[in-house]
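Subject: Handover of a structure and its findings

Dear colleague,

Please find below the structure that I am handing over to you.

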Amino acid sequence: MLENLYLDGKVVVITGGGTGLGLEMVRALTRSGANLVIAGRRAGPIEAARDEVIAAGQDAIAVPTDVSKSSDANALVDAAMSHFGRVDVLINNAAMVADNVLKPIWEITDDDWDAAMSVNLSGAFYCARAAAKPMADAGKGKIINVASGFGLRGGRDIYMYCTSKGGVIQLTRVLSFSLARYGITANSIVPGFIPTIDPGAEINRTLPQSGDFLPTGKLGKPEDLGPIAVFLSSGASDYMTGEMFILDGAGLAAGVTPTGHAPVAALEP
């Protein structure tokens with residue numbers, strides 16, 4: 001059974017792979033035997049991630065990419081095909097988080113809206129579009145979109161992030177339905193509150209600062225995403241498509257919302 005989880009040289013393209021959740025997924029995928037194409041806007045972090053993969057004995061390339069530009073998304077897949085000859089898995093992880101502005105709706109500019117939507121939603125579409133054809137030609141492939149619990153509920157003044165991540169979940173459903181006949185699966189990872197951004201970032205005003213807000217009593221860690229990324233990239237998930245995999249300490253299941261107030265009842269083992 002465990003052999004189904006070993007990636008054995010599969011080629012995984014991951015956006016936003018130089019820091020945070022993306023870097024932890026890169027590390028887990030490497031340990032499982034994958035070769036990586038690591039994309040991100042900044043060359044430094046993705047090159048460091050590439051060097052880490054190579055030092056661990058797998059092959060990797062770093063491709064500076066702004067996913068909000070369809071030409072960059074196309075160039076990313078072209079680079080993967082040129083170096084490895086195939087794309088087995090695409091993980092759409094790049095997103096604007098700390099850069100989201102928190103304003104009353106009447107103060108949000110067109111540029112504010114367009115910037116977040118172009119990265120979080122259009123970027124996932126552009127990369128999926130670029131990767132889908134070589135996957136279809138090969139008769140197999142996996143697309144994994146990283147969404148958010150905020151794609152399933154509202155957040156105070158978090159207009160762009162909530163809307164774009166809800167769109168990512170719906171994009172996953174359409175991809176799964178439309179691409180199944182080509183042997184391609186599409187699933188979403190839906191993380192909860194996992195601290196990865198600058199504590200001074202504006203968006204932190206609306207996020208829980210401790211696990212007191214969650215039934216488990218603790219916030220998630222970036223490395224929590226590694227195992228699910230490996231599972232969804234592996235043969236063990238071949239019959240799963242169009243699904244959401246929620247990692248949030250039961251926040252959604254228990255109806256916990258970021259109200260700014262901790263539960264009245266103390267958390268007990």
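Aspartate 157 is placed in the loop between β5 and α5. Please note at the outset that the model is a predicted one. The phi angle of aspartate 157 is near 65 degrees, which is a positive value in a residue other than glycine. With a relative accessibility of 27%, aspartate 157 counts as partly exposed, since that class lies between the 20% limit for buried and the 50% limit for exposed.

A positive phi in a residue other than glycine also occurs at aspartate 8, where the angle is near 45 degrees. This aspartate 8 belongs to the segment before β1 (11-15). Its relative accessibility is 58%, so aspartate 8 is classed as exposed.

Aromatic pairs

How many aromatic pairs does a search of the whole structure find? The search returns four. In one of them, the ring centres of phenylalanine 150 and phenylalanine 193 are 6.0 Å apart and the ring planes stand at 75 degrees, so the pair is edge-to-face; the angle needed for that class is over 60 degrees. The pair links distant parts of the chain, for its two members are 43 residues apart. Phenylalanine 150 is in the loop between β5 (141-146) and α5 (159-179), while phenylalanine 193 is in the loop between β6 (184-191) and α6 (225-233).

Asparagine 187

Asparagine 187 is located in strand β6. Is this residue, asparagine 187, buried or exposed? At a relative accessibility of 2%, asparagine 187 is buried. Its side chain reaches the backbone nitrogen of glutamate 243 at 3.0 Å. Leaving aside residues up to four places away in sequence, asparagine 187 touches Ile143, Ile144, Asn145, Thr172, Leu232, Met240, Thr241, Gly242, Glu243 and Phe245.

Helix α1 (residues 20-31) has twelve residues, which should span 16 Å at 1.5 Å a residue; the C-alpha atoms at its ends are 17 Å apart, which agrees. Nine of the twelve residues of α1 are buried, so the helix is largely enclosed by the rest of the structure. These buried residues are Leu21, Gly22, Leu23, Glu24, Met25, Val26, Ala28, Leu29 and Thr30. Glycine 33 follows α1 and has a positive phi, near 100 degrees.

Leu21 and Met25 are also among the residues that leucine 225 touches; with residues up to four places away in sequence not counted, the others are Ile189, Pro191 and Ile194. Leucine 225 lies in helix α6 and is buried, with a relative accessible area of 0%. Leucine 225 and valine 146 are 79 residues apart along the chain, and their C-alpha atoms are separated by 9.8 Å.

Alanine 250

Alanine 250 is in the segment after β7. At 31% relative accessibility, alanine 250 counts as partly exposed. Alanine 250 is 36 residues from leucine 214 in sequence, and the distance between the two in space is 6.8 Å, C-alpha to C-alpha.

Cysteines

A disulfide is a covalent bond between the sulfur atoms of two cysteines. With a limit of 2.5 Å between cysteine sulfur atoms, the count of disulfides is zero. Cysteine 127 has a relative accessibility of 1% and counts as buried. Cysteine 162 is likewise buried, with a relative accessible area of 12%. Both values fall under the 20% limit for that class.

Yours sincerely

Definitions and conventions: Residues are numbered from 1 along each chain as its sequence is written. This is a predicted model: local features need pLDDT of at least 70, side-chain atom pairs count only at pLDDT 80 or more; totals for chains, interfaces and linings use all residues. Side-chain values use heavy atoms; hydrogens and water are left out. Buried means under 20% relative accessible area, exposed over 50%, partly exposed in between (1.4 Å probe, protein chains only). Rings of Phe, Tyr and Trp (its six-membered ring) pair if their centres lie within 6.5 Å; planes under 30 degrees apart count as stacked, over 60 as edge-to-face and the rest as tilted. Helices (H or I, at least four residues) and strands (E, at least two) are DSSP runs, numbered from the N terminus. A polar contact is a pair of N or O atoms within 3.5 Å; within protein, one must be able to donate a hydrogen and the other to accept it, and residues adjacent in sequence count only if both atoms are side-chain atoms. Contact means heavy atoms within 4.5 Å. The expected span of a helix is 1.5 Å times one less than its number of residues.
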